[in-house]
Amino acid sequence: MTTTSQGTPASPADARVELAGSLPAAAVDAVLRAALLEDAPYGDITSQTLIPADARATAVLAARVPGVFSGGQVFAAAMKLADPDAAVELLVADGAAFDAGTVLARVSGNARGVLLAERVALNLVQRMSAIATRTAEFTALVTGTRARITDTRKTTPGLRVLERYAVRCGGGANHRFSLSDAVLAKDNHLAVLTGGDPGKLTAVLRGARARLGHTTHFEVEVDSMEQIEPVLAAGVDTIMLDNFSLQDLAAGVALVAGRARVEASGNVSLATVAGIAATGVDVISVGALTHSVTALDLGLDVELDVELETAG
């Protein structure tokens with residue numbers, strides 16, 4: 001859940017202000033150029049055959065179902081990439097909820113350009129809005145607790161920057177962006193480090209910690225209560241309790257007692273998240289925010305008849 005600097009819940013308007021400018025234009029451009037190259041490597045022969053070069057059209061991005069919007073910048077950039085002179089009006093802000101039938105955006109421009117960008121723009125905005133909508137469902141269920149809903153690295157290759165932005169649109173937060181951003185030692189790492197000897201756990205983690213820069217976040221995943229104290233003794237920043245029962249999560253939070261941030265992971269769904277949040281964990285990471293959403297039903301509908309420009 002997004003909060004203000006005073007720690008109080010942020011209003012939807014505050015959240016939208018925070019989103020402004022947080023999706024890098026260069027990253028959006030790179031995704032769109034790759035997508036358009038994939039979709040029309042040698043041009044759109046359908047439109048080039050059927051649609052006159054000087055035809056113009058106006059179309060609206062319309063919602064078939066309710067949801068939370070994400071991707072307005074992506075939609076506009078896709079249309080502008082296909083037709084630099086296109087006029088795009090975003091009618092709903094990213095992070096805002098909408099009802100079925102809402103017109104989210106309007107584009108006017110060269111008809112071939114609109115049709116060229118249509119599928120790429122829809123594919124991305126449908127997915128981003130689905131992620132934002134699902135994230136909003138999760139965040140609503142933990143309202144009133146200390147838990148923060150975060151994503152994971154279970155994202156679509158090449159689309160992580162867009163999908164993680166969509167999580168923020170839904171009121172969630174982002175975990176580490178990549179393997180380069182923070183240390184997160186999981187069970188396989190620990191098995192290699194200790195050679196299966198749990199008595200070595202504190203020492204090897206302390207040694208690793210000593211080699212890190214002072215600003216690098218250090219998180220360790222544990223899968224049993226017995227690992228918590230040895231991991232805490234190494235001075236980690238966050239301890240991840242993986243696939244713990246609700247009873248063990250609550251016990252783990254009590255055992256950590258504020259000495260590190262506590263993250264819950266594994267078996268998180270809309271049916272279980274409220275119970276997990278009630279145990280007092282600080283973070284709940286949810287792979288389902290990005291890895292299993294279904295595209296939200298949005299459509300691009302021509303609003304006016306295609307018109308031909310006449311020579312003066």
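## First stop: the nonpolar core

The largest nonpolar core has 79 residues, and the members that touch the most others are Leu61, Phe75, Leu162 and Ile284. Color helix H5 (residues 111-141) next: with 12 residues, H5 gives the most to this core. Please keep in mind that you are viewing a predicted model.

Now select phenylalanine 75 and show what surrounds it. Which residues is phenylalanine 75 in contact with, leaving aside its neighbours within four places in sequence? They are Leu61, Val88, Leu90, Ala105, Val107, Ala121, Val125 and Leu300.

## Stepping back

Zoom out for a moment. The protein has 12 helices and 13 strands, and its C-alpha trace spans about 85 × 40 × 30 Å along the principal axes. Of the 312 residues in the protein, 45% are buried. Counting contacts with a separation of 6 or more, 70% are between residues 24 or more positions apart.

## Second stop: H5 and H6

To see the contact, show side chains for Leu124, Arg127, Met128, Ile131, Ala132 and Thr135 on H5, and for Leu162, Glu163, Tyr165, Ala166, Val167 and Cys169 on H6. Sorted by class, this contact has 9 nonpolar, 1 polar and 2 charged residues.

An α-helix has 3.6 residues a turn, so residues three or four places apart point the same way.

Why is H6 largely enclosed by the rest of the structure? The reason is that 8 of its 10 residues are buried. These are Arg160, Leu162, Glu163, Arg164, Tyr165, Ala166, Val167 and Cys169. Just after H6, select glycine 171, which takes a positive phi of about 95°.

The axes of H2 and H5 come within 10 Å and cross at roughly 125°. That makes H2 oblique to H5, and H2 passes H5 in a right-handed crossing. On the H2 side, select Val31, Leu32, Ala35, Leu36 and Asp39; they meet Leu116, Ala117, Arg119, Val120 and Leu124 in H5. By class, there are 8 nonpolar, no polar and 2 charged residues in the contact of H2 with H5.

Most residues other than glycine have a negative phi. With that in mind, select alanine 257, which has a positive phi of about 50° although it is not a glycine. Alanine 257 is found in the loop between helix H10 (246-256) and strand E10 (261-265). Is alanine 257 buried or exposed? Its relative accessibility is 56%, so alanine 257 counts as exposed.

Carry on past E10 to asparagine 267, in the loop between E10 and helix H11 (273-277). Asparagine 267 is not a glycine either, and its phi is positive, near 60°. With a relative accessible area of 64%, asparagine 267 is exposed.

## Last stop: neighbours across the sequence

Select aspartate 297, in the loop between helix H12 (288-291) and strand E12 (298-302). At 40% relative accessibility, aspartate 297 counts as partly exposed. Beyond its neighbours within four places in sequence, aspartate 297 is in contact with Ala62, Ala63, Arg64, Val65 and Gln126.

Finish at alanine 208, in helix H8 (residues 201-211). Alanine 208 is buried, with a relative accessible area of 17%. Draw one more distance, to alanine 234: the pair is 26 residues apart in sequence, and C-alpha to C-alpha they are 9.2 Å apart in space.

Methods. Residues are numbered from 1 along each chain as its sequence is written. This is a predicted model: local features need pLDDT of at least 70, side-chain atom pairs count only at pLDDT 80 or more; totals for chains, interfaces and linings use all residues. Side-chain values use heavy atoms; hydrogens and water are left out. A nonpolar core is a set of buried Ala, Val, Leu, Ile, Met, Phe, Trp, Tyr and Cys residues joined through side-chain atoms within 4.5 Å. Buried means under 20% relative accessible area, exposed over 50%, partly exposed in between (1.4 Å probe, protein chains only). Helices (H or I, at least four residues) and strands (E, at least two) are DSSP runs, numbered from the N terminus. Contact means heavy atoms within 4.5 Å. Ala, Val, Leu, Ile, Met, Phe, Trp, Tyr, Cys and Pro count as nonpolar, Asp, Glu, Lys and Arg as charged, and the others, Gly among them, as polar. Axes are lines fitted to C-alpha atoms, for helices over the stretch in contact, and angles run from 0 to 180 degrees between N-to-C directions. Angles under 35 degrees count as roughly parallel, over 145 as roughly antiparallel, 65 to 115 as roughly perpendicular and the rest as oblique. A crossing is left-handed if the near helix is turned anticlockwise from the far one by less than a right angle, and right-handed if clockwise.
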